[in-house]
Amino acid sequence: MADKKAQLTIEGLDEAIDLPIYSGTTGPDVIDVRGLINAGYFTYDPGFVSTASCESGITYIDGANGILLHRGYPIDQLAKNSNHIELCYLLLNGELPTAEQYADFESRIRNHTMVHEQIANFFKGFRRDAHPMAVMCGVAGALSAFYHDNLDITQEYDRQVSAIRLVAKMPTLAAMCYKYNIGQPFMYPRNDLSYAENFLYMMFGTPCEEYVPNPVFAKAMDRIFMLHADHEQNASTSTVRLAGSTGANPFACISAGIAALWGPAHGGANEAVLAMLSEIGDDSEENIQRFVDRAKDREDPFRLMGFGHRVYRNFDPRAKVMKETCDEVLGELGLGDDPQLKIAKRLEQIALEDDFFIERKLYPNVDFYSGIILKAMGVPTNMFTVIFAMARTIGWVSHWNEMITNGVRIGRPRQLYTGQPQRDYPEKK
Ligand code: SDX
């Protein structure tokens with residue numbers, strides 16, 4: 001499989017070390033460094049900035065040109081022509097479904113949205129004001145207590161069943177986290193609604209009156225799910241892969257991914273964007289500029305949340321679609337002049353013209369506009385990352401499935417040890 005090789009010469013070593021180089025379909029070649037350990041060396045790459053942890057065929061990001069492909073299809077074309085359920089099938093199975101395959105897949109998801117009635121008891125152990133992500137970490141992990149018996153992850157059928165269960169039940173759990181937080185009764189899922197409509201119904205419906213999901217909101221929510229579905233080996237997906245490499249229960253692996261996603265540097269950024277826009281407050285030029293200057297000051301921990309990305313050194317293509325969706329939803333609501341939207345657009349304009357951001361290739365990412373849309377639809381900020389987690393579930397489970405299918409050794413990184421040399425325990429005086 002090696003197309004070329006690299007030769008590493010190290011002072012003190014008589015012979016150069018040959019390292020195979022592999023080429024993928026597209027993107028950078030990789031140098032296989034597994035032979036280094038035989039010469040007594042590790043590679044060193046904190047944050048895995050230049051490390052390929054695996055081989056994958058699911059998603060490809062061209063960071064320099066702002067391109068995101070899911071099984072080869074560009075995200076903007078998928079967002080325009082497809083829907084989240086079809087994208088779930090594509091990510092999991094590698095090809096777009098035929099009409100028959102789509103109908104079967106969609107029906108299996110639609111008919112697995114209920115969770116075991118006992119799950120409701122787990123919520124009662126949390127304070128009502130617990131952050132919904134804390135609750136989501138708990139109850140998603142608890143699913144592994146219900147599905148450990150008929151689960152042999154070496155069998156493709158069992159992996160497919162787990163994938164369907166996770167994609168189907170995460171919206172139900174997410175909505176339950178919201179209802180518990182606000183003290184309203186849980187709403188059972190309905191089989192006559194689409195995936196996004198059902199989520200809106202479980203979130204905003206009540207037993208007291210009929211709730212008909214706004215079609216503009218349902219379309220916007222479905223697009224938000226699609227734009228968050230998968231993104232290569234990001235921190236939370238890598239967490240799921242590492243947990244899965246031990247052979248752990250897939251529901252437990254997904255709960256590990258939820259925990260990793262929560263951080264403000266990752267999936268928690270959409271909630272942090274709204275907090276930042278609230279902190280900025282008024283949309284006066286000098287006030288916005290003051291925050292841009294703070295973001296540039298290395299002594300100031302303030303960063304422009306929703307800006308920057310480890311891989312994109314150009315516009316995040318998801319941010320472009322999200323911005324269009326933002327205009328559609330706020331336009332539908334007659335909120336085109338929403339003050340936070342005005343601040344966000346002005347912030348983006350100022351930053352994109354500022355050398356500090358241009359030099360560092362810092363552009364808006366997927367989180368910059370998503371929170372504004374969700375807030376306009378009545379979703380509280382503490383639910384933003386929960387929605388990100390339920391949308392990303394298909395990405396996590398697709399990578400987990402690919403890893404198990406291809407065969408995996410347990411992930412076990414090494415280290416550069418800089419602690420104390422061996423020393424003896426002091427004799428008792
Ligand atoms: C997601 O990996 C994925 O794919 C993630 C994700 C997905 O779909 O899974 O795309 C989802 O997590 C999107 C990112 C959401 N996070 C944020 O919006 C938080 C704000 N962004 C930053 O924290 C930061 O940009 C990261 C974490 C996203 C990326 O961090 P890196 O790659 O480690 O970059 P860095 O911290 O080394 O920054 C490089 C320089 C530094 O300045 P200098 O030391 O060169 O002077 O850029 C600066 C940073 O200070 N910088 C920022 C900045 N982001 C980076 N300065 C101000 N505001 C920012 N947002």
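**A tour from helix pair to ligand**

You are looking at a predicted model, where local features need pLDDT of at least 70, side-chain atom pairs count only at pLDDT 80 or more, and totals for chains, interfaces and linings use all residues. Residues are numbered from 1 along each chain as its sequence is written, and side-chain values use heavy atoms, leaving out hydrogens and water.

To find this pair, select residues 84-93 for α2 and 384-406 for α17. Helices here are DSSP runs (H or I, at least four residues), numbered from the N terminus. The axes of α2 and α17 come within 9 Å and cross at roughly 15° (lines fitted to C-alpha atoms over the stretch in contact, with angles from 0 to 180 degrees between N-to-C directions). The two helices are therefore roughly parallel (under 35 degrees; over 145 is roughly antiparallel).

Next, select residues 132-142, helix α5, and residues 250-261, helix α10. Their axes come within 8 Å and cross at roughly 165°, so α5 is roughly antiparallel to α10. Here α5 passes α10 in a left-handed crossing.

- **H309:** a polar side-chain atom lies 2.6 Å from a ligand oxygen.
- **G306:** a backbone N or O atom lies 2.8 Å from an oxygen of the ligand.
- **N365:** a side-chain N or O atom is 3.0 Å from a ligand oxygen.

Finally, look at the ligand as a whole: taken alone it exposes 1100 Å², and the protein buries 79% of that (Shrake-Rupley accessible area, 1.4 Å probe).

Note on methods. Polar contact = N/O pair within 3.5 Å; in protein donor to acceptor, adjacent residues only side chain to side chain. Parallel < 35°, antiparallel > 145°, perpendicular 65-115°, else oblique. Left-handed = near helix turned anticlockwise from the far one by under 90°.
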